[in-house]
Amino acid sequence: MSKAICPGSFDPVTNGHLDVFTRAAKLFDEVTVAVLINSTKAGLFTVDERIAMIQHATRHLGNVKVDSFHGLLADYCKNQNVTAIVKGLRAVSDFDYELQMAQMNSQLGVETLFVATNPEYSFLSSSIIKEIAKYSGDVSALVPENVDLALKNHFSGRLEA
Ligand code: PNS
């Protein structure tokens, strides 16, 4: 069985990420979206909230599951018996950092495959989504519906959905 990991912070997941998960799910028998637990950086959403949002947004993809990890991604991949990392490349600005990580992960025994992001989403990032949502900008076309709702709830001071 071919297995891949799509790792990231996903704070929150965007339609650009979903496009990468969907395409990875066509190439591999099983895809795990793995949310990094970063104890040094508090996110807007907790890891559990991010996982719940991704699970909801990928519920139509039968071979995609969602998990979290801490420590080295290469160690997590080995523990899960996964030999491929799949990541989206948006623009040249992503390249240096992604290449460095891919080369290091290769040294650690796990290869990385890049998919060219759909141009429709090449300007998208979780950070920019949070910035727009914070000032009540409309991000409904750029994130799954449940994420849009969670952002609205967060920035209007109400409890998360
Ligand atoms: O969405 P992000 O924040 O760009 O994702 C970065 C991520 C989670 C893929 C990267 O930070 C990572 O793999 N972190 C785990 C620690 C690790 O393995 N570091 C060495 C990478 S070569």
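First, the ground rules. This is a predicted model, where local features need pLDDT of at least 70, side-chain atom pairs count only at pLDDT 80 or more, and totals for chains, interfaces and linings use all residues. Residues are numbered from 1 along each chain as its sequence is written, and side-chain values use heavy atoms, with hydrogens and water left out.

Which residues are around the ligand? They are Pro-7, Gly-8, Ser-9, Leu-36, Phe-69, Gly-71, Leu-72, Leu-73, Lys-87, Met-101, Met-104 and Asn-105; to count, a residue needs a heavy atom within 4 Å of the ligand. By class, this shell has 7 nonpolar, 4 polar and 1 charged residues. Here Ala, Val, Leu, Ile, Met, Phe, Trp, Tyr, Cys and Pro are nonpolar, Asp, Glu, Lys and Arg are charged, and the others, Gly among them, are polar.

Two distances are worth noting. A polar side-chain atom of Ser-9 is 2.6 Å from a ligand oxygen atom. For Leu-73, a backbone N or O atom is 2.8 Å from an oxygen atom of the ligand. A polar contact is a pair of N or O atoms within 3.5 Å. The protein covers 72% of the 550 Å² of accessible area that the ligand has on its own, by the Shrake-Rupley method with a 1.4 Å probe.

Now the pocket. The ligand sits in the largest pocket, meaning that more than half of its atoms lie within 2 Å of the pocket's grid points. On a 1 Å grid over the protein atoms alone, a pocket is an open set of points where a 1.4 Å probe fits, with protein on both sides within 12 Å along at least five of seven lines; lining residues have an atom within 4 Å of a point. The largest pocket holds about 1,200 Å³ of space, a volume filled by probe spheres set on the points. Its lining has 45 residues, and Pro-7, Gly-8, Ser-9, Lys-87 and Glu-98 lie nearest the centre.

Helix 4 gives the largest share of that lining, 8 residues, and also the largest share of the ligand shell, 3 residues. Helices are DSSP runs (H or I, at least four residues) and strands likewise (E, at least two), numbered from the N terminus.

Last, the backbone. Most residues other than glycine have a negative phi, and most peptide bonds are trans. Asp-11 and Pro-12 are joined by a cis peptide bond, with omega about 0°; Pro-12 is in the loop between strand 1 and helix 1. Asn-81, not a glycine, has a positive phi of about 65°, and lies in the loop between helix 3 and strand 4.

Terms used. Polar contact = N/O pair within 3.5 Å; in protein donor to acceptor, adjacent residues only side chain to side chain.
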